[in-house]
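Here is a short report on one protein chain. Look at the sequence and the fold first, then read on.

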Amino acid sequence: MGNSALKAHLETSQKTGVFQLTGKGLAEFPEELQKLTGNLRTVDLSNNKIEVLPAFIGVFQQLRSLTISGNKLSSLPNDIGKLKKLETLVLNGNQLKQLPSSVGQLKALRTLNLSGNRFKEFPGGLETLRHLDVLDLSKNRIQLVPAEVAELQAIEINLNQNQISTLSPEVSHAPRLKVLRLEENCLELTSIPIAILTDSQVSLLSVEGNLFEVKMLRDLEGYDKYMERFTATKKKFA
């Protein structure tokens, strides 16, 4: 892509606060964006070939939304934690295996999309994100949902299409968790903690495509309690 095209994009972004350059085969995060540190609110660089997010990402203090899906990122710089106003971070379709601990400093973050990466373990350090609403970890290689998930503030956690065979009962203590998606994993019926049905806030537990038939859930203790929450939620949105 020529410099003149990039220059035109930069001029537009100067006015709008939005920089969008998708599917252009970019191999690097554009250094020229540093000229826009004061007013850049949205960056979308999806479907390029970016392998590294530079340390200067931390200078975009006004950034609210960062989308770098469908690239070749295998790690994130620590400086990403400096984006104090970031509300949406979309990194699906990369090659990430872990997150830097600094992600826990993204105090304004509401949506974190890590779908389609290479996580084998549930990423830690997210319990400090007090405004996190949606965490998408679908299409990874996670095998265990750990007890630490109880500390998360997320309303929805998507773990569809992983390799999960173990679900910690402590998940039922997650204070705001309403939607737990676990479709197409390796769960046995006995792997579903009763506490999620009896004692949690979860009103949508999605478990199709595991090692048991969904209708078998009905036989578990606490299913009626779960259905009360499910029905009440359904009515609210009807």
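Q161 lies in the loop between β8 (156–158) and β9 (166–167). Strands here are DSSP runs of E with at least two residues, helices are runs of H or I with at least four, and both are numbered from the N terminus. The phi of Q161 is positive, about 55°, although Q161 is not a glycine. K139 also has a positive phi, about 60°, and is not a glycine. K139 sits in the loop between β6 (134–136) and β7 (144–145).

This is a predicted model, where local features need pLDDT of at least 70, side-chain atom pairs count only at pLDDT 80 or more, and totals for chains, interfaces and linings use all residues. Residues are numbered from 1 along each chain as its sequence is written, and side-chain values use heavy atoms, leaving out hydrogens and water.

| Residue | Relative accessibility | Class |
|---|---|---|
| Q161 | 31% | partly exposed |
| K139 | 49% | partly exposed |
| S203 | 5% | buried |

Now take the whole chain. It has three helices and 11 strands. From the N terminus, the order is α-β-β-β-β-β-β-β-β-β-β-α-β-α. Of its 238 residues, 49% count as buried. The C-alpha atoms fill a box of roughly 65 × 35 × 30 Å along the principal axes.

Next comes the largest pocket. A pocket is an open set of points on a 1 Å grid over the protein atoms alone, where a 1.4 Å probe fits, with protein on both sides within 12 Å along at least five of seven lines. Its lining residues have an atom within 4 Å of a point. The largest pocket holds about 230 Å³ of space, a volume filled by probe spheres set on the grid points. Helix α3 (residues 223–237) gives the most to this lining, with six residues. Among the lining residues are K178, Q201, S203, R229, F230 and T233.

S203 is in the loop between α2 (194–198) and β11 (204–206). Which side chain makes a polar contact with the side chain of S203? That of T233 does, at 3.2 Å. A polar contact is a pair of N or O atoms within 3.5 Å; within protein, one must be able to donate a hydrogen and the other to accept it, and residues adjacent in sequence count only if both atoms are side-chain atoms.

Conventions: Buried means under 20% relative accessible area, exposed over 50%, partly exposed in between (1.4 Å probe, protein chains only).
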